Amino acid sequence: MKVVKYPSKEQWPQLLARPALSVEGLYDRVQTILDNVRSNGDKALFELEERFDKAVLTTLEVSSAELEEAKQMVSADLQQAIRKAAANIEKFHASQLPKINRVETVPGVVCWQKAVPISRVGLYIPGGSAPLFSTLLMLSIPAKIAGCKEIILCTPPSADGNINPAILFAASVAGVSRIFKVGGSQAIAAMAYGTESVPKVSKIFGPGNAYVTAAKQLVSLKEVAIDMPAGPSEVAVIADANANAAYVASDLLSQAEHGPDSQVILATTSAELIERVEKEVSLQLEQLPRKDITEKALGHSVLILMDNMDNVIDMINDYAPEHLIIQTDNYAELAERVVNAGSVFLGPYSPESAGDYASGTNHTLPTSGYAKAYSGVNIDSFMRKITFQELSKNGLGSLADTIETMAANEFLDAHKNAVTVRRK
C-alpha cells in the first residue's frame, strides 16, 4: 500500500481518487440485450442464460420443491446464522416505520403525509464466487416490513441450472415472493419490462457487475426506479496511536477482498501506527484465499499520515466513504463530526463485517462519494410519501388572498380562479 505523509488540501482529490468504473462503453451492448428481452420475453431469457451462464433451462421460476431441497443442503450452523442475522435486520428496520403527523398550518388547514409501500419491487443478487445471500436479507426484509406486496428475486443459476442453496434459504427466511433463474443485464431487463414469466416491477435493488450497473442505469431513464448509483466497495479507517494495528489491518483487508477495484484508506496522525499496520497487512494477507484479488485492491489504496485529527475528519468528510471505521480513544467525539458516510463503525470492537452481516444495519450503501447525497437502503427506500390536505371553508378563506396574489403574479389565472369561484 502507498504511504503519503502530510498531504496538502489541494492534493486530497487526487490522493483519494477512486478506481475508475466506467460503464458508458457498455451501453450499446447492454441496450441490445435490453431490447431483445423487451421484444422476445422468456424466449430471449432462455437463450441469454444459455449463452452467458451456460445453463440450459426448461423453466425460469424456482419451484417450491427446489426451495425445500435447498433447505436440506444448508448446514444447521448457517441456517442458524442466517436466522439470527435476519432477526437483527428486522428489529432495526422495523424501528424506522414512519408515523402519520397531522399539522394544522393555519386554522382550518390540515396537512399530513402518508407513507405507502411500493407494490412490487425487484431484487438482483449476483451469483459467482461470492453468493451474496446477506445482501438478499438486507433488501428483502425491509421490503417486507415496508409492506411491499410482491418481492421478486432474480439471480443467476450455475451451469447445472441450480441456484446456490444459501441464497434460496435466505430468500425463504426473508419473505421473497417469487424467484427466477436469470442473471446479468437480462435479469434487469426482465424486471424492468416484464416477460411471460417475470413480472414487471416498479423499483430494482441490488449490486452487480459492470453490465448489471449499466443495465440499471439505462432502464432507470424511463422504465423503473433503482436503488442508487453503484460503484466499487470502499472503506476508510480513522485511527490514532493507541489503535490495535491487527484490527485495523483486518478491516482494510476485509474490504479489499471484495474485488480488485475496491479501495481502502487509513488516515492517522501516528507514523508508528502506519508501520505496524503495514506489517500486519503483510502477515494477514498471506493467509487469505482471495489473496490475488485483495492485492490488486491494495494497489490503489493508501495509508495517509496527517498532522492533526481536524484535518483527518475534513478529508474523510470530503471523501464520503461507503464505510467508515473510527478506532480512536475519542471515537464518540469524532463520530459527531462525521457528515458524509454511508455507515459508521465506532470503537475497536465494531468491524465493518458486523454491519455487513448481523448487527442489524443495512449494508447496501452509497459508494463513489454518493454518500454526500444518498442514504443507504432503509425502510423509506421501499415506500413513497403521499401528502394530503383538507381545507375548511374558513381555512380556504384565510389563505385565499395569498393564493390569488401569488397565482396572479405567476400569470396563472385559472389557478387564481379556482379560489375565486369558491369565495364567490
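In the predicted model, glutamate 61 is partly exposed, with a relative accessible area of 27%. Arginine 178, at a relative accessible area of 26%, is likewise partly exposed, and the side chain of this arginine forms a salt bridge with glutamate 61 in which the closest N and O atoms lie 2.9 Å apart. The pair connects distant parts of the chain, since arginine 178 belongs to strand 6 (residues 178-181) whereas glutamate 61 is placed in the loop between helix 3 (42-52) and helix 4 (64-73), a separation of 117 residues.

Across the whole structure, 16 salt bridges are found. In one of them, arginine 18 and glutamate 234 meet at an N to O distance of 2.8 Å; these partners are 216 residues apart, with arginine 18 in the loop between helix 1 (12-15) and helix 2 (27-40) and glutamate 234 in strand 9 (residues 234-239). Arginine 18 counts as partly exposed at 25% relative accessibility, whereas glutamate 234 is buried, with a relative accessible area of 2%. Arginine 423 and glutamate 404 are joined by a further salt bridge of 2.7 Å, N to O, which links helix 17 (residues 413-423) to helix 16 (residues 393-409) over 19 residues of sequence. Here arginine 423 is partly exposed at 45%, and glutamate 404, at 12% relative accessibility, counts as buried.

The largest nonpolar core comprises 40 residues, among which Val121, Leu136, Leu137, Leu153, Ile179 and Phe382 touch the most other members. At least two residues of this core are supplied by each of helix 5 (76-94), strand 4 (120-124), helix 6 (133-146), strand 5 (150-155) and helix 7 (165-174), and helix 6 makes the largest contribution, with nine residues. A second, separate core of 33 residues includes Leu45, Leu60, Tyr124 and Ala214.

Histidine 363 is located in the loop between helix 15 (352-357) and strand 14 (383-391), and this residue is buried, with a relative accessible area of 12%. When neighbours within four places in sequence are set aside, the contacts of histidine 363 are Ser134, Thr135, Met138, Glu322, Gly355 and Asp356. The histidine side chain reaches the backbone oxygen of aspartate 356 at 2.7 Å.

How values were computed:
Residues numbered from 1 in each chain as written. Predicted model: local features only at pLDDT ≥ 70, side-chain atom pairs only at ≥ 80, totals over all residues. Heavy atoms only, no water. Core = buried A, V, L, I, M, F, W, Y, C linked by side-chain atoms within 4.5 Å. Buried < 20%, exposed > 50% of the residue type's maximum accessible area, 1.4 Å probe, protein only. Helix = DSSP H or I, 4+ residues; strand = E, 2+ residues; numbered from the N terminus. Contact = heavy atoms within 4.5 Å. Polar contact = N/O pair within 3.5 Å; in protein donor to acceptor, adjacent residues only side chain to side chain. Salt bridge = Lys/Arg side-chain N within 4 Å of Asp/Glu carboxyl O.
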